[in-house]
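Take a look at the chain below. We will walk through its fold, its rings and its charges.

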Amino acid sequence: MNEFSKWLSQKDAVKVLKVDEKTLEILREKGYFKPGFHWKSSTEPGQLPWNPKVFYHIIWCREVIDNLNNNDSSIAQIAA
């Protein structure tokens, strides 16, 4: 895994961003991570449309997480 890769799988993103999978999902669902910018779905033809693999743009996701942690909001409050 190369931390400087732009797009990482959810498994690798969890390690690099130091958050759990549920937190990444909540940040997507609540609109903190924008589709196509912060995350994208797999383009593998065998993926089911209702459960595709997700890839994260590590640099932009890290900015969002750092901003949330540095402001009044924290990741723990958002994920609650």
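The paragraphs below start with the overall layout and then turn to single residues.

This is a predicted model. The protein chain has four helices and three strands. Along the sequence they run in the order β-α-α-β-β-α-α. Of the 80 residues, 31% count as buried. Consider the contacts with a separation of 6 or more: residues 24 or more positions apart account for 54% of them.

Start with helix α1, which spans residues 10-17. Its buried residues are Q10, D12, A13, V16 and L17. They fall within an arc of 155° when seen down the axis of α1, so they line one face of the helix. What covers them? The cover includes β1 (7-9), α2, β3 and α3. Just after α1 comes K18, with a positive phi of about 60°.

Helix α2 (21-29) is next. One salt bridge is counted in the model. The side chains of K22 and E25 form it, at 3.7 Å from N to O. The cut-off for such a pair is 4 Å, so this one qualifies. K22 and E25 are three residues apart in helix α2, which means about one helical turn separates them. An α-helix has 3.6 residues a turn, so residues three or four places apart point the same way. Both partners are partly exposed: K22 has a relative accessible area of 47%, and E25 has one of 28%.

Now the aromatic rings. The structure holds two aromatic pairs. The rings of F33 and Y56 have centres 6.1 Å apart and planes at 65°, so this pair is edge-to-face. The pair links distant parts of the chain, 23 residues apart. F33 sits in the loop between α2 and β2 (39-41), while Y56 belongs to strand β3 (residues 54-57). Is F33 buried or exposed? F33 is buried, and Y56 is buried too.

The other pair is F37 with W60. Their ring centres lie 4.2 Å apart and their planes meet at 5°, so the pair is stacked. This pair also links distant parts of the chain. F37 lies in the loop between α2 and β2, and W60 lies in helix α3 (residues 58-70), 23 residues away.

At 7% relative accessibility, H38 counts as buried. Which residues does H38 touch, leaving aside those up to four places away in sequence? They are W7, Y32, F33, F55, Y56, H57, W60, C61 and V64. That list includes F33 and Y56, the partners of the edge-to-face pair. It also includes W60, which stacks with F37.

Two charged side chains lie over rings. The charged end of K40 sits over the ring of W7, 4.5 Å from its centre. W7 is also one of the residues that H38 touches. R28 lies over the face of W39, at 5.3 Å from the ring centre.

Key. Residues are numbered from 1 along each chain as its sequence is written. This is a predicted model: local features need pLDDT of at least 70, side-chain atom pairs count only at pLDDT 80 or more; totals for chains, interfaces and linings use all residues. Side-chain values use heavy atoms; hydrogens and water are left out. Rings of Phe, Tyr and Trp (its six-membered ring) pair if their centres lie within 6.5 Å; planes under 30 degrees apart count as stacked, over 60 as edge-to-face and the rest as tilted. Helices (H or I, at least four residues) and strands (E, at least two) are DSSP runs, numbered from the N terminus. Buried means under 20% relative accessible area, exposed over 50%, partly exposed in between (1.4 Å probe, protein chains only). A charge sits over a ring if NZ of Lys or CZ of Arg is within 6 Å of the ring centre and within 35 degrees of the ring normal. Contact means heavy atoms within 4.5 Å. The arc is that of the directions from the helix axis to the C-beta atoms.
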